[in-house]
Amino acid sequence: MAIAEQLEQVQKRIADACEDCGRDPSEITLVAVSKTKPNSDILEARKASQIHFGENRAKELQDKMEQIEDDSIKWHFIGNLQTNKIKYMAERVDWIDSIHKKKALKEVEKRASAIERHINVLIQVNISDEDQKSGCDPEKLEGILKYAQDLKYTHVRGVMGMATFTDDLDVVRKEFKMLKKLRDEHLHLNGGAVELKEISMGMTNDLEVAIEEGSTMVRVGTAIFGERNYS
Ligand SMILES: *Cc1c(COP(=O)(O)O)cnc(C)c1O
């Protein structure tokens, strides 16, 4: 099926999920996860009015941002972030959705302030117990947000989470509930450069559950671009 049609189906899934729980689809941002896919696929999706694109490898993101000269695209980095890669994306990336430590925030601020460019970030929180590396411990969130309040070019717009890789949607739902609850418990830290509006959760297999549990940003790859041959 053509990418435009698949995109339309994903938009329909989002609209249906919103209708089922009484939410407004305009509250949900769709991030099209184009990792491993060629530039031509991204351009096809862009033509079908998709704006936000996500990549999980720094080099691949850098190459795509350079090759696709389209200022209307909002680029998200959604992968495991090594601090030393931030300098390669600071000039063009719009969102870094996977920040999980102060050190990375500090580096984003350093690079962004040097070129006087504003960058949106999400703090990734570890909501599953399977992968210790993806996201900060929930107890660390408060300290990270307090630190972020004083930044000038780095804006914390919310939180991000990845559910356990499982077909058991009850497990997934529990983890999404936990992320929403954590966000709500930290709303008093809004101020300065922190505004906890966004909750990025939900992918191809669980976007309906995520929307029911309060997601404002879904990251969808497979349902738009088809299966990937590698990660
Ligand atoms: C690959 C990826 C997605 C998209 O996954 P699909 O199941 O293909 O929709 C979402 N978020 C992150 C962080 C990813 O790496």
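Which backbone atom lies 2.8 Å from an oxygen atom of the ligand? A backbone N or O atom of Gly221 does. This is a predicted model, in which local features need pLDDT of at least 70, side-chain atom pairs count only at pLDDT 80 or more, and totals for chains, interfaces and linings use all residues. Residues are numbered from 1 along each chain as its sequence is written, and side-chain values use heavy atoms, with hydrogens and water left out.

**Ligand site**

- The protein covers 91% of the 380 Å² of accessible area that the ligand has on its own (Shrake-Rupley method, 1.4 Å probe).
- A polar side-chain atom of Lys35 lies 2.7 Å from a ligand oxygen atom, and a polar side-chain atom of Thr204 lies 2.5 Å from an oxygen atom of the ligand.
- The residues around the ligand (a heavy atom within 4 Å) are Val33, Lys35, Ile78, Met162, Met203, Thr204, Arg219, Val220, Gly221, Thr222 and Arg228.
- By class, this shell holds five nonpolar, three polar and three charged residues; Ala, Val, Leu, Ile, Met, Phe, Trp, Tyr, Cys and Pro count as nonpolar, Asp, Glu, Lys and Arg as charged, and the others, Gly among them, as polar.

**Aromatic pair**

- The count comes to one aromatic pair, where rings of Phe, Tyr and Trp (its six-membered ring) pair if their centres lie within 6.5 Å, and planes under 30 degrees apart count as stacked, over 60 as edge-to-face and the rest as tilted.
- Phe53 and Trp75 form this tilted pair, at 6.1 Å centre to centre and 45° between the planes.
- Phe53 belongs to strand 2 (residues 52-55) and Trp75 to strand 3 (residues 74-77), so the pair ties together parts that are 22 residues apart in sequence; helices (H or I, at least four residues) and strands (E, at least two) are DSSP runs numbered from the N terminus.
- Phe53 and Trp75 are both buried (under 20% relative accessible area, with exposed over 50% and partly exposed in between; 1.4 Å probe, protein chains only).

**Positive phi in loops**

- Thr36 is not a glycine, yet has a positive phi of about 70°.
- Thr36 sits in the loop between strand 1 (29-33) and helix 2 (39-47), and counts as buried at 18% relative accessibility.
- Ser49, also not a glycine, has a positive phi of about 75° and lies in the loop between helix 2 and strand 2.

**Cysteines**

- The model has zero disulfides, a disulfide being a pair of cysteine sulfur atoms within 2.5 Å.
- Cys21 is in no disulfide, and its nearest cysteine sulfur, that of Cys18, is 5.8 Å away.
- Cys21 is partly exposed, with a relative accessible area of 30%, whereas Cys136 is buried at 5% relative accessibility.

Note on methods. Polar contact = N/O pair within 3.5 Å; in protein donor to acceptor, adjacent residues only side chain to side chain.
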